[in-house]
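Q: Could you take a close look at one part of this for me, starting with a single helix and following what surrounds it? I'm happy to have the cut-offs spelled out as you go.

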Amino acid sequence: MSNKSTSSDARASAATETLQTPSPARKIYPIVKYGDAILEKPGAPVRKFDAELEQLVEDMFASMYAAQGVGLAAPQIGLSVRIAVVDVTAGKNPEAKIVLANPEIVHAEGEVREEEGCLSIPGFRGYVLRPQFVTIKAQNAKGEAFEIRGENLLARAFCHEIDHLNGILFLQHLGMLKRDLIKRKIKKLRKQGEW
Ligand SMILES: [Zn+2]
């Protein structure tokens with residue numbers, strides 16, 4: 001999911017953190033854009049929890065921060081696998097980094113209609129109705145099962161990323177007029193070689 005505010009604060013604090021705790025160079029993946037079939041098919045379950053997966057997850061966080069997003073799902077970097085990363089603090093709080101492998105919604109409550117965007121559909125936003133609270137059951141990068149409850153933006157990010165793992169984009173939650181308008185604009189951009 002994309003971040004509404006492009007915060008220079010977030011970039012500054014991320015840079016400070018890099019200076020304080022040197023970490024291995026991360027691979028920054030290019031983000032797959034709308035139109036690529038991988039975004040519209042369900043991912044395969046994660047079965048192998050090894051060092052390679054832990055690397056991938058850290059690279060996904062790095063790629064998400066580089067794109068100034070608050071969530072990133074594996075299909076968005078070209079991998080049709082059920083894993084996503086979420087951090088609604090944009091890297092400000094290392095404890096807010098959440099890895100969702102094979103996530104499922106176990107409980108949802110309330111409704112909030114809020115504007116939403118997607119790193120794979122840059123430049124377009126739309127109002128999407130999502131639960132106000134969700135409880136997710138998932139595994140972390142080590143394969144350990146956990147449950148987590150999210151509220152408002154966090155609940156929205158969980159739902160948005162789980163949708164990605166099921167091949168669903170936020171466009172599908174929009175009214176037909178708005179969805180078709182965005183699709184037409186993207187088509188035009190693609191013709192102009194700008195997508
Ligand atoms: Zn998205």
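A: Let's start with α2, residues 51-66. Helices here are DSSP runs of H or I with at least four residues, strands are runs of E with at least two, and both are numbered from the N terminus.

Two bits of housekeeping before going further. Residues are numbered from 1 along each chain as its sequence is written. This is a predicted model, where local features need pLDDT of at least 70 and side-chain atom pairs count only at pLDDT 80 or more, while totals for chains, interfaces and linings use all residues.

Back to the helix. Leu-56, Val-57, Met-60, Phe-61, Ala-62, Ser-63, Met-64 and Tyr-65 of α2 are buried. Buried means 20 or more other C-beta atoms within 10 Å of the residue's own, exposed means 12 or fewer, and partly exposed is in between, with C-beta atoms placed from the backbone. For reading a list like that, recall that an α-helix has 3.6 residues a turn, so residues three or four places apart point the same way. Just after α2, Gln-68 takes a positive phi of about 60°.

What does the helix touch? A contact here is a pair of residues whose C-beta atoms, placed from the backbone, lie within 7 Å. Met-60, Val-85 and Val-86 are among the residues that touch the most other members of the largest nonpolar core, which has 42 residues; Ala-84, Leu-100 and Phe-158 belong to that group too. Such a core is a set of buried Ala, Val, Leu, Ile, Met, Phe, Trp, Tyr and Cys residues joined through C-beta atoms within 7 Å. At least two of its residues come from each of α2, β1 (71-73), β2, β3, β6 and α3 (153-165). In soluble globular proteins, nonpolar side chains tend to be buried together.

Now for the sheet. Its five strands run in the order β1-β2-β3-β6-β7, as an open sheet with antiparallel pairing. β1 and β7 are the edges, each pairing on one side only. On average, neighbouring strands are turned by 35° against each other, direction ignored. The axes are lines fitted to C-alpha atoms, for helices over the stretch in contact, with angles from 0 to 180 degrees between N-to-C directions.

Strands count as paired if DSSP finds at least two bridges between them. β2 (residues 83-86) and β3 (residues 98-109) are antiparallel and share four bridges, with Val-86 partnered by Ile-98. In the loop between those two strands sits Ala-90, a residue other than glycine with a positive phi near 55°. Ala-90 has 21 C-beta neighbours inside 10 Å, so the residue counts as buried.

Moving across, β3 pairs antiparallel with β6 (residues 133-139) over six bridges. Ile-105 faces Ile-136 there, and Glu-109 stands opposite Phe-133. β6 then pairs with β7 over seven antiparallel bridges, including Ala-138 with Phe-146. Five residues separate these strands in their hairpin, where Gly-143 has a positive phi near 95°. Beyond β7, in the loop to α3, comes Asn-152, with a positive phi near 50° despite not being glycine. Asn-152 is partly exposed because 15 other C-beta atoms lie within 10 Å.

How far can you trust all this? The mean pLDDT of the chain is 92, and 90% of residues score at least 70; pLDDT is the predictor's confidence in each residue, from 0 to 100. Residues 6-18 are below 50, and that stretch has nine contacts in the model beyond near neighbours in sequence. Where pLDDT is low, the predicted coordinates should not be read in detail.

Key: Contact = placed C-beta atoms within 7 Å.
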